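Reader: I have a sequence and a 3D structure open. How do I read the features in it?
Author: Take one feature at a time. Look first, then ask.

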Amino acid sequence: MGLELYLDLLSQPCRAVYIFAKKNGIPFKLCTTEVFKGQLQSKEFFQINMLRKIPVLKDGDFILTESSAILIYLSSKYQTADHWYPADLQARARVHEYLGWHADCIRGTFGVPLWTQVIAPLTGAHVPEEKVERNKTAMDRALQQLEDKFLGDQAFLTGQQMSLADLMAFEELMQPVAVGYDLFEGRPKLAAWRERVEAFLGSDLFQETHGPILNILEQAVNKKFPKPSPEVYPYILLRISRIP
């Protein structure tokens with residue numbers, strides 16, 4: 001059995017895994033698993049991941065969850081270019097340093113605008129304006145830290161070459177961009193970093209991966225984004241309730 005990746009390209013971590021595999025020529029079967037169609041709630045998917053989360057990697061009988069773990073596994077198994085996940089101890093530690101901070105300060109913060117502007121209205125849920133403003137403040141603070149602590153005067157977040165850290169960060173930042181937030185306005189260093197990442201990925205892979213998310217606001221405005229299935233409503237309402 002070959003490598004299988006369970007992904008939904010509306011998801012930031014799923015896009016990171018998809019891009020990494022595609023960019024490195026790793027052969028895999030794409031098992032599209034659509035969150036808002038309730039496919040995470042199926043009995044079949046529960047056998048794959050009892051946590052009902054994506055991305056998921058299945059390599060024969062081996063099943064792995066969590067995007068950072070999947071990216072590290074792929075980089076190690078397929079011996080991808082060293083810049084992704086360096087062999088040098090200190091360079092590798094920088095990647096881990098970023099991924100740790102990313103989990104605390106980026107993940108869960110930059111996805112909120114999609115939930116407040118697109119998903120919540122579809123379910124009739126109301127997100128208080130103070131939560132929206134608090135999220136904007138949190139994003140601004142995280143962007144400043146991203147620029148000051150990790151990017152600095154380097155080309156990329158952990159050095160002069162693209163790494164797993166850049167891929168994970170880029171995908172999170174694309175989420176609010178997709179719903180109209182210009183995160184890079186007034187931040188020339190981060191804007192230049194974004195251009196370098198996009199250039200590295202290439203326009204074809206960028207468009208292939210980001211087409212669904214970049215069209216989501218237009219679909220929502222024109223009422224073409226499908227209403228979530230009843231099975232996924234409890235998950236959606238729980239996620240919205242957890243917005244700080």
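Author: This is a predicted model. Start with proline 55, in the loop between α2 (43-48) and β3 (56-59).

Reader: Is the peptide bond from isoleucine 54 to proline 55 cis or trans?

Author: Look at omega. Here omega is near 10°, and the bond is cis.

Reader: Which residues have a positive phi without being glycine?

Author: Glutamate 66 is one of them, with phi near 75°. It sits in the loop between β4 (62-65) and α3 (67-77). Lysine 223 is another, with phi near 60°. Its loop runs between α10 (216-221) and α11.

Reader: Are these two residues buried or exposed?

Author: Over 50% counts as exposed. Lysine 223 has 76%, so it is exposed. Glutamate 66 has 42%, so it is partly exposed.

Reader: Which residues of helix α11 are buried?

Author: In α11 (residues 233-241) they are Ile236, Arg239 and Ile240. Seen down the helix axis, they fall within an arc of 95°, so they line one face of α11. They pack against α5 (112-123) and α6 (129-151).

Reader: How do α7 and α9 pack?

Author: Check the angle and the distance between axes. Helix α7 (residues 164-178) and helix α9 (residues 203-214) pack at about 45°, with axes 10 Å apart. They are therefore oblique to each other. The crossing is right-handed.

Reader: Which residues meet there?

Author: Phe170, Glu171 and Met174 are among those in α7. On the α9 side, they include Phe206 and His210.

Note on methods: Residues numbered from 1 in each chain as written. Predicted model: local features only at pLDDT ≥ 70, side-chain atom pairs only at ≥ 80, totals over all residues. Heavy atoms only, no water. Buried < 20%, exposed > 50% of the residue type's maximum accessible area, 1.4 Å probe, protein only. Helix = DSSP H or I, 4+ residues; strand = E, 2+ residues; numbered from the N terminus. Arc of directions from axis to C-beta. Contact = heavy atoms within 4.5 Å. Axes fitted to C-alpha atoms, helices over the stretch in contact; angles between N-to-C directions. Parallel < 35°, antiparallel > 145°, perpendicular 65-115°, else oblique. Left-handed = near helix turned anticlockwise from the far one by under 90°.
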